[in-house]
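Good morning. Please have a look at the structure on the screen before I start.

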Amino acid sequence: MQAIPLTLDGYLADAPEPGAREGTAVWRLTCSAGSEYLVDEAVVPCTTMEPEIVHALLRERQPGDLLRVTGHLTLPGLAGGVMRLHADTLEVLWEAPLLDTGEEADTAAAVHADADRDRAIAALAEALTGLTQDAPSPGKGIRIHINPAPSPGAGLEHCHSFHVDAALAHRLADYIDAMSCCPDSQRPDSALDPETVAELTGLFEDIDLIDLTDTVLKATRPEHRASVIRALDDLFGDVPSPSPEDTDP
């Protein structure tokens with residue numbers, strides 16, 4: 001049967017494959033109705049022996065690409081036969097996003113993890129540098145090393161070493177303790193300065209627990225005093241109770 005000149009636009013249904021004859025390629029094109037030969041959407045088998053098209057299909061194209069194929073459509077001469085479009089030219093109208101293989105996806109994830117780790121190291125190094133700028137000159141103290149794990153390999157630029165004295169080490173421990181004691185949403189921006197800590201310590205040291213207990217019990221109804229004493233003991237430890245005459249209303 002005579003071949004019919006035809007141009008079809010359609011999506012590459014699956015990956016092209018080499019044809020039975022050397023130097024050929026076969027593929028399937030998913031086409032919408034757009035010609036007198038296609039009433040409904042159809043998957044049209046295509047083939048070509050044009051070297052440039054064969055190379056492009058087998059090396060560059062992937063499923064999902066929108067292609068415009070021009071060639072000659074051969075209709076089946078017998079019932080049950082297969083029509084086939086023999087392509088002379090091929091134009092890429094739209095390229096589908098590249099599909100990552102499992103290995104490529106794993107590699108991309110590993111690169112992303114390394115970059116995130118390196119940014120974290122840089123942030124930590126910057127923070128430690130700020131703390132150690134005013135530190136005394138190196139002497140007896142503590143050496144802190146940070147570097148990529150398990151091995152820095154070629155990333156020696158991400159290795160850092162800091163010398164800190166005992167006082168600064170205690171400050172760092174306080175920072176970590178403060179972070180561990182608070183929920184993420186309530187973590188303080190920084191640890192309390194020494195003067196504030198001293199003021200709070202002095203405030204609590206000035207509290208007379210016996211006097212506090214006496215004041216609380218005087219304001220408590222007699223039938224509730226036993227439970228209040230137990231609650232105070234749980235809060236402050238075994239605090240001596242005031243004498244009964246001191247708590248009489």
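This is a predicted model: local features need pLDDT of at least 70, side-chain atom pairs count only at pLDDT 80 or more; totals for chains, interfaces and linings use all residues.

Residues are numbered from 1 along each chain as its sequence is written, and side-chain values use heavy atoms, with hydrogens and water left out.

Start with strand S3, residues 25-31. Strands here are DSSP runs of E with at least two residues, helices are runs of H or I with at least four, and both are numbered from the N terminus. Which side chains of S3 are buried? Ala25, Trp27, Leu29 and Cys31 are, and they point to one face. Buried means under 20% relative accessible area, exposed over 50%, and partly exposed in between, with a 1.4 Å probe and protein chains only.

Now the partners. Two strands pair if DSSP finds at least two bridges between them. S3 pairs in the antiparallel sense with S1, residues 4-12, over 3 bridges; there, Leu12 has Leu29 as its bridge partner. S2, residues 17-18, also runs antiparallel to S3, with 2 bridges, and Pro18 stands opposite Ala25. Between S2 and S3 lie 6 residues of a hairpin, and Gly23 in the turn has a positive phi of about 80°. With S4, residues 42-48, S3 forms 7 bridges, again antiparallel; Val26 stands opposite Thr47.

Last, helix H4, residues 194-205. How many of its 12 residues are buried? The count is 0, and H4 is hardly covered.

Terms used. The expected span of a helix is 1.5 Å times one less than its number of residues.
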